[in-house]
Amino acid sequence: METELDRLQETVIRCRKCPRLVAYLKEFKTHKPRRFRDWDYWARPLPSFGDPQGRVLIVGLAPAAHGGNRTGRMFTGDRSGEWLFGALHEFGFANRPNSSRRDDGFALTDCYITATIRCAPPGNKPLPEEIENCRPYFLKELDLLKNVNVIVPLGQIAFTQTLRSLRLKGYEIPAVSFGHGRSYVVRSPNPELKALSLIVTYHPSQQNTQTGRLTRPMFHQVFRKMRELGQGSTTNKAEGRRCRA
Ligand code: SF4
């Protein structure tokens, strides 16, 4: 049966709110690199995916032009995805360590993946107004993903934008700073909004992984914490308190 979350993702796929991005994606239907010339690029906004009952929500920045924008599934077919899916599998959130196509049987358990914006931006750099255009989809997902108690934004931009979205949602955001391995708890005076743990990580981009800024042990440290915090409740932690990594 189609759920509200399914309908939201269908709306995302049809979205045309950002003219610059719509025009950019159109180019991929005809201009493809040689190595992907046999691919019929997805070249539309990407839906989020995963376990709708998941307790962990991972927030990427934007689809990669020749990764998710090609395959139709976030992080599938790019180097960041190799790191992300490998770690998800290692820690029991995914049924296999990689995904190369949209319908290849890859599935997530207890985890859902979304992004700050759903269309691949030129140079991987979305404009502020494009981030704002896309924000309502993320805010709606926060409403619909009822079991989420841990959010893991990948990289600084996703971290900043997640905080902004949580503030708009009614959470009180304590003084927090970006730093790999840090974690925070955010709360709202609204009793209907449960406390959420936030785990900070560098993005598994090639720029970070090839330079050693992010190593596998560092990345796995985040997933160990995800496991630990996802299974526990955040209700007993002090507001805004920083947890030990
Ligand atoms: S980035 Fe988001 S708001 Fe903009 S066109 Fe794509 S899906 Fe729509």
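These legends walk through several close-up views of one predicted model. Residue numbers start from 1 along each chain as its sequence is written, and side-chain values use heavy atoms, with hydrogens and water left out. Since the model is predicted, local features need pLDDT of at least 70 and side-chain atom pairs count only at pLDDT 80 or more, while totals for chains, interfaces and linings use all residues.

**View 1. Helix H8, end to end.**
Here we look at helix H8, residues 216–231. Helices (H or I, at least four residues) and strands (E, at least two) are DSSP runs, numbered from the N terminus. How far apart are the end C-alpha atoms of H8? They are 22 Å apart, which agrees with the 22 Å that its 16 residues should span at 1.5 Å a residue. That expected span is 1.5 Å times one less than the number of residues in the helix. Phe219, His220, Val222, Phe223, Lys225, Met226, Leu229 and Gly230 of H8 are buried. Buried means under 20% relative accessible area, exposed over 50%, and partly exposed in between (1.4 Å probe, protein chains only).

**View 2. Aromatic rings around Phe219.**
Rings of Phe, Tyr and Trp (its six-membered ring) pair if their centres lie within 6.5 Å; planes under 30 degrees apart count as stacked, over 60 as edge-to-face and the rest as tilted. By this rule the count comes to nine aromatic pairs. Take Trp83 and Phe219: their ring centres are 6.0 Å apart and their planes sit at 50 degrees, so this pair is tilted. The pair links distant parts of the chain, with Trp83 in helix H4 (residues 79–90) and Phe219 in helix H8, 136 residues apart. Trp83 and Phe219 are both buried. Phe219 also pairs with Phe223: the ring centres are 4.9 Å apart and the planes are at 70 degrees, so that pair is edge-to-face. Phe219 and Phe223 both lie in helix H8, four residues apart, about one turn of the helix. Relative accessible area is 1% for Phe219, which is buried, and Phe223 counts as buried at 1% as well. Ring pairs link Trp83, Phe91, Phe219 and Phe223 into a cluster.

**View 3. Two arginines over tryptophan rings.**
A charge sits over a ring if NZ of Lys or CZ of Arg is within 6 Å of the ring centre and within 35 degrees of the ring normal. Arg216 lies over the face of Trp83, at 4.1 Å from the ring centre. Over the face of Trp42 lies Arg44, at 3.8 Å from the ring centre.

Ala43 has a phi near 50 degrees, a positive value in a residue other than glycine. Ala43 lies in the loop between helix H2 (19–27) and strand E1 (49–50), and counts as buried at 12% relative accessibility. Phe75, also a residue other than glycine, has a positive phi near 70 degrees. Phe75 is found in the loop between helix H3 (68–71) and H4. Is Phe75 buried or exposed? At 10% relative accessibility, Phe75 counts as buried.

Rolling a probe the size of a water molecule over the atoms shows where empty space is left. On a 1 Å grid over the protein atoms alone, a cavity is a set of points where a 1.4 Å probe fits but cannot get out, and a pocket is an open set with protein on both sides within 12 Å along at least five of seven lines; lining residues have an atom within 4 Å of a point. Grid points are joined across faces, edges and corners, and a volume is the space filled by probe spheres set on the points. The largest pocket has a volume of about 990 Å³. Its lining counts 37 residues, and Ala64, Ser80, Asn124, His203 and Ser205 lie nearest the centre. H4, helix H6 (156–169) and helix H7 (206–209) each supply at least two residues of this lining.

**View 4. The largest cavity.**
Searching the whole structure turns up two cavities of 30 Å³ or more. The largest cavity has a volume of about 80 Å³. Of the 13 residues lining the largest cavity, Cys15, Lys17, Cys18, Cys119 and Cys134 lie nearest its centre. The largest share of the lining, three residues, comes from H5.
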